[in-house]
Amino acid sequence: MNQARQFFEIDEKLMELAGQTEQDIRPAFERIESNAFQNQQKVLAAFIHNNVGESCFTSSTGYGYGDVGREKLERVFADAMECEDALLRYNFMCGTHALTVALFGVLRPNDTMLCVTGMPYDTIQSVIGISRQPASGSLKEFGIHFDKVDLLPDGSVDIPAALEKLRSDKSIKMVYIQRSRGYSLRPSLTVEQIEEICGAVRSVRQEVIIMVDNCYGEFVQLTEPCCHGADLMAGSLIKNAGGGIAPTGGYIAGRADLVEMCSYRLSTPGTGREVGCTLGHSREMYMGLFSAPHVVGEALKTAAFCAGLFSRLGYGVTPQPNEIRADIIQSVMLRNPESLIAFCQGIQSGSPVDSMALPEPWDMPGYDNKIIMASGSFTLGSSIELSADAPLREPYAVWMQGGLNYAAGKTGILIAAQRMLDKGLLKL
Ligand SMILES: *Cc1c(COP(=O)(O)O)cnc(C)c1O
């Protein structure tokens, strides 16, 4: 009667390994659950202290003047992020847009932006004006300069080199930190490491603006970068902060004066945050924020399971199964293109939406290698939902992230491993 039923054909030995993996990753699960409990309380407290009520979910049109739900949501979010102020809107079209608004919002001609985490995320390179194919309207076209400090060989930030630049180049107005690894193999930065960078930067230059690309980092640890010395941060709502429910959007959060400057770039100088109708989306935005700590925990468990299973199968993984995590991304070195393709096709076939699609590597504009992507999500491109991406190049690493709930995430990972087994690419 209590016999486990199988709905997918998963090899018995693989199921056995899955069981052992869950024993291996108990320390990670304990930490993830404890963090989710703390972060959930923090978010719930923000809802309660701000008296969120049903009237917050009403819809506005046109200019959206005096939309109480929109204004209160930004207050709730600022409290949840433990910072002075925030903009949180579906009008941000993606994370890159939120980051762009923040950069153009606070930088002025002849200022220099100094990135201390090496080359920034691909899409931000176009915004800065350093992409291979120059994009019109970049910061560079507006006379805003860019400089960077490369990461040390172990992937950590070269703080002495950053301080040297800060001492010698007085045009540096912003220090920019990318918290997540993005699609590189460097480690993600913990908030403690961000604090160390901020402290060092401040010891040389008090007034410089420290901005963090917080994509994939929200609610992973107990506090956010702005609690550790950063002035401004931005991210996407179809990643962590939208809880898998927000259908689109992004946020900017941090020091009140800087958030206000950003509001004039988001809408117009003069109108700022006072405009922006909500068209009936407020309820989903509130629900997404409310669910975010839990959903991030589920995604982290899925990542730990993937790390545990594939290291048991003999693959290199980063981060390690029980390592402290600073974002939801997991990479697995699959060693050959066939394995990458089989893994991504497996993730796709184990998705609730578009399971019948078969992803193939393709030449994406702006990339040197073919890329394969798996994403069977309710929200197009959402990467808080189970998804995987990989460029077809050495060391044939796949980056997976997301999982709205652990049971489904675990199943997706097992289906991916099974597909590799079916293709003769795995030995059990
Ligand atoms: C996802 C991401 C972004 C923004 O990307 P969008 O696809 O525009 O949402 C920026 N930086 C990092 C590190 C990211 O992971």
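You are looking at a predicted model, in which local features need pLDDT of at least 70, side-chain atom pairs count only at pLDDT 80 or more, and totals for chains, interfaces and linings use all residues. Residues are numbered from 1 along each chain as its sequence is written, and side-chain values use heavy atoms, with hydrogens and water left out.

Stay on Cys262 for a moment. This residue is buried, with a relative accessible area of 0% (buried means under 20%, exposed over 50%, partly exposed in between, with a 1.4 Å probe and protein chains only).

Now select Cys115. It is in no disulfide, and the nearest cysteine sulfur, that of Cys198, is 13 Å away. Cys115 is buried, too, with a relative accessible area of 0%. The count of disulfides comes to zero.

Next, show strands E2 (residues 112-115) and E3 (residues 145-148), which pair in the parallel sense over four bridges. Strands (E, at least two residues) and helices (H or I, at least four) are DSSP runs numbered from the N terminus, and two strands pair if DSSP finds at least two bridges between them. Click on Leu114 and you will find Asp147 of E3 opposite.

A cavity is a set of points, on a 1 Å grid over the protein atoms alone, where a 1.4 Å probe fits but cannot get out; lining residues have an atom within 4 Å of a point. Points are joined across faces, edges and corners, and a volume is the space filled by probe spheres set on them. The whole structure has two cavities of 30 Å³ or more.

For the largest, of about 90 Å³, select lining residues including Arg70, Tyr90, Cys277 and His281. Helix H3 (68-80), strand E1 (85-89) and helix H9 (282-312) each supply at least two lining residues.

Finish at the second largest cavity, with a volume of about 30 Å³. Select Val157, Ile159, Ala162, Leu163, Ile197, Ala200 and Val201, which line it. Helices H6 (159-168) and H7 (191-204) give two or more residues each to this lining.

Definitions and conventions:
1 Å grid on protein atoms, 1.4 Å probe; cavity = no way out; pocket = protein on both sides within 12 Å on 5 of 7 lines; lining within 4 Å. Disulfide = S-S within 2.5 Å.
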